[in-house]
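Please read this report with the model open beside you.

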Amino acid sequence: MAQQVKAVIARAKGAPVEVTTIVVPDPGPGEAVVRIQACGVCHTDLHYREGGINDEFPFLLGHEAAGIVESVGAGVTEVEPGDFVVLNWRAVCGQCRSCKRGRPQYCFNTHNAKQKMTLLDGTELSPALGIGAFAEKTLVAAGQCTKVDPAAEPAVAGLLGCGVMAGIGAAINTGNVGRGDSVAVIGCGGVGGAAVLGSRLAGAAKIIAVDIDDRKLATAQKLGATHTVNSRTTDPVEAIRELTDGNGADVVVEAVGRPETYQQAFYARDLAGTVVLVGVPTPEMKLELPLLDVFGRGGALKSSWYGDCLPSRDFPMLIDLYLQGRLDLGAFVTETIELDAVEQAFTRMHEGDVLRSVVVL
């Protein structure tokens with residue numbers, strides 16, 4: 001039987017979000033209803049509200065979440081009611097050309113729930129990244145539920161659903177940071193901070209954090225940065241080269257998503273080094289680089305989508321490291337809030353006051 005629950009939606013481009021009542025249907029085949037316990041306020045949710053993703057309003061916001069499986073539809077074997085899960089926005093299909101080649105982390109046919117959640121008047125909602133977790137309950141594809149150790153705090157575990165996984169994965173999975181490497185991370189918000197943490201976990205010898213905000217640089221140091229550069233006052237390319245014997249970093253993670261910072265990353269890497277773009281650009285942005293430099297510097301220019309993660313592999317492993325005290329995921333939770341404080345959380349995010357505000361239900 002369909003349920004009515006409270007949720008945060010964005011009705012129109014740029015309009016403040018609102019708390020309203022939505023209808024969550026019973027799960028159909030391959031679907032699950034999850035009772036949300038916590039959901040991080042991610043910059044992608046703000047992109048949705050601003051119309052930067054598409055114009056399929058109204059949006060049911062929230063996607064960086066953890067909760068308890070309440071019910072499942074026919075044919076679901078991955079999870080069962082009572083399981084503690086982190087939601088992911090890439091449910092692997094197992095059948096596409098990438099999955100069949102043994103590369104499910106690049107699945108080209110990820111899927112969401114087929115049924116739609118609605119407003120009380122029947123208006124269909126577009127769930128952010130196919131999840132929509134600023135809600136007491138949400139409907140997802142069962143493959144979007146990744147079971148993890150229930151000993152983890154929901155407010156911490158949910159962050160693996162997007163930003164923290166994106167950053168850690170950008171360093172470890174995409175950038176292949178290894179022991180003794182030098183790494184520079186440009187942009188030290190939630191994703192960039194996680195890239196710093198991932199680089200430390202991978203054994204990088206030198207981790208250079210770059211940002212224009214000294215508060216974020218201070219946090220990056222706590223997460224494992226060995227050096228910091230304020231690019232508002234210092235040329236970051238020159239600073240990174242100076243800190244790496246004039247060579248540039250082995251891996252540069254660009255966590256801003258702008259042409260200017262990507263160009264900095266390109267020239268701040270060592271010859272044959274790697275640039276990883278994990279910051280999300282907007283559609284109108286263009287990049288211009290001398291093709292001879294692209295050829296002559298060698299190495300690799302990579303994009304990291306969701307940290308190239310495989311949720312079934314990476315989420316439980318990272319939660320285990322967190323529970324062992326080896327991965328300080330709790331450092332990303334700046335504050336916990338209620339559903340009606342999401343709009344204010346967007347403001348604090350824009351002003352750089354938080355790494356993550358987390359809605360706790």
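In which strand is Leu119 found? Leu119 is found in strand E7, residues 118-119. Helices (H or I, at least four residues) and strands (E, at least two) are DSSP runs, numbered from the N terminus. The model is predicted, so local features need pLDDT of at least 70 and side-chain atom pairs count only at pLDDT 80 or more, while totals for chains, interfaces and linings use all residues. Residues are numbered from 1 along each chain as its sequence is written, and side-chain values use heavy atoms, with hydrogens and water left out.

Is Leu119 buried or exposed? Leu119 is buried, with a relative accessible area of 6%. Buried means under 20% relative accessible area, exposed over 50%, and partly exposed in between, with a 1.4 Å probe and protein chains only. Leaving aside neighbours within four places in sequence, Leu119 is in contact with residues including Ile9, Arg11, Val23, Pro58 and Leu125. Contact means heavy atoms within 4.5 Å. Val23 is 96 residues from Leu119 along the chain, yet their C-alpha atoms are separated by 6.0 Å.

## A cis bond at Pro58

Pro58, one of the contacts of Leu119, lies in the loop between helix H1 (43-49) and strand E4 (59-60). The peptide bond from Phe57 to Pro58 is cis, with omega near -5°.

## Glu64, a buried residue with polar contacts

Glu64 is in strand E5, residues 64-72. Glu64 is buried, with a relative accessible area of 1%. What does the side chain of Glu64 reach? It reaches the backbone nitrogen of Gly163 at 2.8 Å. A polar contact of 2.7 Å also joins the side chains of Glu64 and Arg356. A polar contact is a pair of N or O atoms within 3.5 Å; within protein, one must be able to donate a hydrogen and the other to accept it, and residues adjacent in sequence count only if both atoms are side-chain atoms.

Beyond four places in sequence, the contacts of Glu64 include Ala38, Cys39, Cys42, Leu159 and Cys162.

The arc is that of the directions from the helix axis to the C-beta atoms.

Now look at both ends of H6. At the start, a side-chain oxygen of Asp213 reaches to within 2.8 Å of the backbone nitrogen of Arg215. Just after H6, Gly224 takes a positive phi of about 130°.

How do H5 and H6 run relative to each other, roughly parallel or roughly antiparallel? Their axes come within 9 Å and cross at roughly 25°, and H5 and H6 are therefore roughly parallel. The contact is made by Gly193, Val196, Leu197 and Arg200 of H5 and Ala220, Lys222 and Leu223 of H6. Axes are lines fitted to C-alpha atoms, for helices over the stretch in contact, and angles run from 0 to 180 degrees between N-to-C directions. Angles under 35 degrees count as roughly parallel, over 145 as roughly antiparallel, 65 to 115 as roughly perpendicular and the rest as oblique.

## Helix H7

Which residues of H7 are buried? They are Pro236, Val237, Ala239 and Ile240. These cover an arc of only 165° around the axis, which puts them on the same side of H7. Glu238 and Glu242 are exposed on the other side. At the start of H7, a side-chain oxygen of Asp235 reaches to within 2.9 Å of the backbone nitrogen of Val237. Asp245 follows H7, with a positive phi near 60°.

Ala272 is not a glycine, yet has a positive phi of about 65°. Ala272 is found in strand E15, residues 269-277, and is exposed, with a relative accessible area of 57%.

Tyr306 also has a positive phi, near 60°. Tyr306 is in the loop between strand E16 (300-303) and helix H10 (311-323). Tyr306 is buried, with a relative accessible area of 3%.
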